[in-house]
Every structure is written in structure tokens, then in C-alpha cells.
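Trainee: I am new to reading protein models. Could you walk me through one?

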Amino acid sequence: MFSVLLSVYYKESPLFLGQCIDSLLCQTKLPGEIVLVKDGPLTELLNDVIDEYLKITSIIKVVELSANQGLGNALNAGMRFCTFSLIARMDTDDIAKSNRFERQLDIFEKYSEIDVVGAWIDEFEGDVSHVISTRKLPEWHDEIVHFAKLRNPINHPVVMFKKEAVLAAGGYQHFPFFEDYYLWIRMLLNGAKFYNIQESLLFFRFSSDLFERRGGWKYAMHELSFLGTLRSMGFLSLIEYVRNVFVRFLVRIIPNNVRTNMYVKLFRKTN
């Protein structure tokens with residue numbers, strides 16, 4: 001048995017939330033519970049969607065926060081209400097493929113030492129039939145450690161992990177734009193073992209706004225702070241730190257259309 005952990009806040013789409021929950025209820029291996037955190041007050045339409053699903057199924061457990069806490073804090077709050085050791089994460093605007101949980105559970109059964117199981121994701125625009133790229137990541141632990149020195153090694157919306165391993169590394173911690181990446185590094189340094197399934201198990205909603213949010217001076221300053229933290233933790237050597245600062249800073253300050261093309265053509269497998 002396993003839990004699914006979701007967090008929703010007022011800016012999210014009621015339509016997308018419904019599609020997300022539908023995909024969770026149509027799995028070949030159903031979760032024991034879906035813990036849905038309301039990160040602060042929601043719109044009437046979002047609440048209506050949640051209320052409709054509460055009538056349909058008894059596995060949804062709603063956790064209400066009185067004010068918006070941000071993703072990391074909301075997920076920490078939700079984890080306290082997760083009954084099971086295995087927790088699957090998902091964002092409320094994405095769509096899980098029907099065999100997602102079955103494939104991930106197979107890995108945990110096959111490799112008892114694994115603490116985190118990720119997978120690839122298909123990035124789509126408009127409809128899942130219009131997949132424009134796939135974010136592929138390395139498979140085995142040592143490859144993942146090496147990749148983590150360059151980029152985020154886990155697709156957060158499709159990850160499944162052991163709750164005990166996350167809590168042992170301090171859980172999610174506040175670090176704007178980098179809460180999940182920061183968690184993976186702390187877990188790696190704490191001895192957690194990682195694995196990425198070499199197939200896409202989730203449809204990720206893509207838009208140019210995504211890369212616009214990953215650019216600009218504000219994002220660049222947060223990223224510089226994050227890289228400095230990785231250096232101080234001993235995860236990055238001096239050479240690795242300098243290389244990351246140079247490359248990433250340039251990526252953040254170039255025009256958004258150039259950054260979008262760079263991500264899709266250089267960092268993704270296009271279809």
C-alpha cells in the first residue's frame with residue numbers, strides 16, 4: 001500500500017485538477033490513499049472539484065492549511081498525514097500514465113535498498129496526444145549522483161519515495177525554486193539510494209511560461225544561492241561550482257525564447 005501526496009493552491013486550474021485525480025483513480029495499481037493539501041484558501045471552483053471527488057471515492061484525505069505556505073511546507077504538512085511508508089508525489093496539473101504506480105512498485109519490490117524511484121516524463125501542450133519532448137534522466141544511482149552535479153536528477157512530479165528516507169534527510173525545506181532538488185542532494189549525502197525508470201510514466205503540462213519562470217535576475221540570484229549551498233555542503237568541488245555558476249547564470253539571463261529553445265533542443269529528446 002502507498003500514499004499519493006498532492007498540494008493545490010488558489011491559482012491552479014479546476015479542470016487540470018480533475019484530470020489529475022482521474023488519472024490517479026484509473027491506475028492498474030490503486031493507491032491506499034490520496035492526501036490532498038489545500039495550501040491556503042482555494043477558489044470556489046477548486047473546492048467544488050474536490051467536493052465532487054470526495055463524493056465519488058473514500059480514499060481522498062484533505063489537509064487544510066489556513067494560509068499559503070509554499071510547496072515545500074505544504075508537502076511536509078501532508079507527509080504527516082500519509083499512512084504508508086511509500087509516498088508518490090504528483091502535481092495537480094499533470095496526468096499519470098495508467099501503469100505508473102505498478103512500474104514503480106515493481107522497482108521497490110525488486111531492489112529493497114532503493115529509497116527513491118523516479119522516471120521520465122512526456123512534456124505536452126494542450127492535449128496528451130501532442131507530446132513535444134521527453135525529459136530523460138540516468139538510470140542507476142552512480143549515474144544519478146554525477147548528473148545531480150549538473151542538473152536536477154529526479155523528475156519531481158513522477159517520483160515515489162520512502163517516507164523514512166525523506167524524513168531522515170530533514171524533509172522538504174524552504175528554498176525557493178529548488179525545494180525538491182535540495183531534498184535530493186541532502187538525501188544523496190545521507191546515503192539514500194536512487195533509481196530512474198527508463199520510460200515515461202507521466203504527462204507533464206508544458207508551456208513557455210515554465211521557462212520564463214526559470215529565468216530572470218530573481219531566479220538567477222536564488223540559483224546562485226543554491227549552488228553556494230551545495231558547495232558549502234561538500235557536494236560540489238570548486239571547479240564544479242565555478243562551471244555551474246558560469247553556465248547557469250548565462251542561461252537565466254538570456255531571452256526567454258532562446259532559453260525555451262535551448263531546453264527543448266539541447267536538454268530534452270524531441271519527438
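**Reading the model, feature by feature**

Mentor: Start with helix H3. Its buried residues are Gly72, Ala74, Leu75, Asn76, Ala77, Gly78 and Met79. Keep in mind that this is a predicted model.

Trainee: How many of the residues of H3 are buried, and what follows for the helix?

Mentor: Buried means under 20% relative accessible area. In H3, residues 71–79, seven of the nine residues are buried, so the helix is largely enclosed by the rest of the structure.

Trainee: Now the whole chain. How many helices and strands does the protein chain have?

Mentor: The protein chain has 11 helices and 10 strands. Of its 271 residues, 52% are buried. Its accessible surface is about 12,300 Å², and carbon and sulfur atoms hold 56% of that.

Trainee: What about contacts between residues at least 6 apart in sequence?

Mentor: Of those contacts in the protein chain, 78% join residues at least 24 apart. Take a pair as a case. Phe161 and Asp115 are 46 residues apart in sequence, yet their C-alpha atoms are 5.6 Å apart in space.

Trainee: Where is Phe161 found? Is Phe161 buried or exposed?

Mentor: Phe161 is in strand S8, residues 160–162. Its relative accessibility is 0%, so Phe161 counts as buried. Leaving out residues up to four places away in sequence, Phe161 touches several others, among them Met79, Phe108, Asp115, Tyr172 and Trp184. Met79 is also one of the buried residues of H3.

Trainee: How do I describe two packed helices?

Mentor: Use the angle between their axes and the distance between the axes. Here, take H5, residues 141–148, and H7, residues 179–189. They pack at about 130 degrees, with axes 11 Å apart.

Trainee: Which word describes how H5 and H7 lie to each other?

Mentor: Angles over 145 degrees count as roughly antiparallel, and 65 to 115 as roughly perpendicular. H5 and H7 are therefore oblique to each other. The crossing of H5 with H7 is left-handed.

Trainee: Which residues meet there?

Mentor: From H5 come His141, Val145 and Ala148. From H7 come Tyr181, Ile185 and Leu188. The residues of this contact are five nonpolar, one polar and no charged.

Trainee: One last stop. What is the phi of Phe177?

Mentor: Phe177 is not a glycine, but its phi is positive, about 75 degrees. Phe177 sits in the loop between helix H6 (163–168) and H7. At 39% relative accessibility, Phe177 counts as partly exposed.

Conventions
Residues are numbered from 1 along each chain as its sequence is written. This is a predicted model: local features need pLDDT of at least 70, side-chain atom pairs count only at pLDDT 80 or more; totals for chains, interfaces and linings use all residues. Side-chain values use heavy atoms; hydrogens and water are left out. Axes are lines fitted to C-alpha atoms, for helices over the stretch in contact, and angles run from 0 to 180 degrees between N-to-C directions. Helices (H or I, at least four residues) and strands (E, at least two) are DSSP runs, numbered from the N terminus. Angles under 35 degrees count as roughly parallel, over 145 as roughly antiparallel, 65 to 115 as roughly perpendicular and the rest as oblique. A crossing is left-handed if the near helix is turned anticlockwise from the far one by less than a right angle, and right-handed if clockwise. Contact means heavy atoms within 4.5 Å. Ala, Val, Leu, Ile, Met, Phe, Trp, Tyr, Cys and Pro count as nonpolar, Asp, Glu, Lys and Arg as charged, and the others, Gly among them, as polar. Buried means under 20% relative accessible area, exposed over 50%, partly exposed in between (1.4 Å probe, protein chains only). Accessible areas come from the Shrake-Rupley method with a 1.4 Å probe; for residues, only the protein chains shown count as cover.
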